Amino acid sequence: MEPDRKNRVCPAEHAGALDLNIRRLFHDPGKMLKPYIREGMTVLDLGCGPGFFTMEMARLAGKSGKVTAADLQEDMLKILRKKIDGAGLADTVRLHKCGSDGTGLSVENDFILVFYMLHEVPDQEAFLREIRTLLKRDGKALIVEPKFHVSKNDFVKVKDMIRRTGFEIIEEPGVFFSRAVVIKSA
Ligand SMILES: C[S@@+](CC[C@H](N)C(=O)[O-])C[C@H]1O[C@@H](n2cnc3c(N)ncnc32)[C@H](O)[C@@H]1O
């Protein structure tokens with residue numbers, strides 16, 4: 001039996017902690033995402049939470065780009081909706097509420113960000129297989145997991161699962177407090 005999902009998903013009441021300005025010192029969205037996102041790209045922030053990374057993804061993809069910010073929790077999306085409207089980005093960023101059995105998305109992306117969310121997903125293997133269908137042939141996904149939730153050994157298992165689900169690991173970038181891989185379809 002799966003553990004209660006409510007115990008695993010970061011609640012929307014913690015959104016403020018994910019959005020603290022001080023986080024920019026060690027998870028600078030511009031610096032982290034610039035190598036992967038260019039003007040005009042179609043990109044997905046999967047498990048976007050309050051959108052700490054979404055706004056920068058929209059800036060990098062530009063007016064000709066398309067950004068989808070997707071999350072399981074409506075309350076996270078509500079927070080992000082306010083930011084997007086305030087920044088005049090409603091035409092660039094589309095918000096999407098995921099189901100608990102799958103994202104419900106079908107558009108293929110040049111880049112997918114999966115930041116601090118994979119460990120919250122009960123069936124990670126099925127989730128990775130779905131990510132594969134959401135990537136263009138040469139698309140890349142950056143998966144980042146927190147060291148305080150995912151041990152070194154756990155992450156070795158995640159990397160095995162990544163390979164098993166049809167990806168190759170092309171980079172292991174250093175991210176503060178984190179374990180990270182960039183992947184593409186093998
Ligand atoms: C710890 S937060 C990280 C948010 C954001 N990526 C960041 O780094 O600031 C994880 C987010 O993933 C979302 N999430 C968890 N499981 C999900 C799923 N199966 N599909 C979509 N979103 C999910 C949660 O609702 C939560 O907003």
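**The ligand and its surroundings**

In this predicted model, a nitrogen atom of the ligand is found 2.7 Å from a polar backbone atom of Gly47, a polar contact in the sense used here (a pair of N or O atoms within 3.5 Å; within protein, one must be able to donate a hydrogen and the other to accept it, and residues adjacent in sequence count only if both atoms are side-chain atoms). The protein covers 97% of the 600 Å² of accessible area that the ligand has on its own, with areas taken from the Shrake-Rupley method and a 1.4 Å probe, where for residues only the protein chains shown count as cover.

Residues are numbered from 1 along each chain as its sequence is written. As the model is predicted, local features need pLDDT of at least 70 and side-chain atom pairs count only at pLDDT 80 or more, while totals for chains, interfaces and linings use all residues; side-chain values use heavy atoms, leaving out hydrogens and water.

Stepping back to the whole shell, 20 residues surround the ligand, and the closest are Arg23, Gly47, Asp71, Gln73 and Phe115; a residue is near a molecule if one of its heavy atoms lies within 4 Å of it. By class, this shell has 13 nonpolar, three polar and four charged residues (Ala, Val, Leu, Ile, Met, Phe, Trp, Tyr, Cys and Pro count as nonpolar, Asp, Glu, Lys and Arg as charged, and the others, Gly among them, as polar).

Tyr116 lies in the loop between β4 (109-115) and α5 (124-133), with helices (H or I, at least four residues) and strands (E, at least two) taken as DSSP runs numbered from the N terminus. Phi of Tyr116 is near 55°, a positive value in a residue other than glycine. Tyr116 is buried, at a relative accessible area of 13% (buried means under 20%, exposed over 50%, partly exposed in between, with a 1.4 Å probe and protein chains only). Phe177, in the loop between β6 (167-171) and β7 (178-185), is not a glycine either, and its phi is positive at about 60°. Phe177 counts as partly exposed, at 45% relative accessibility.

Finally, Arg137 belongs to strand β5 (residues 135-146) and is exposed, with a relative accessible area of 57%. Arg137 and His119 are 18 residues apart in sequence and 25 Å apart in space, C-alpha to C-alpha.
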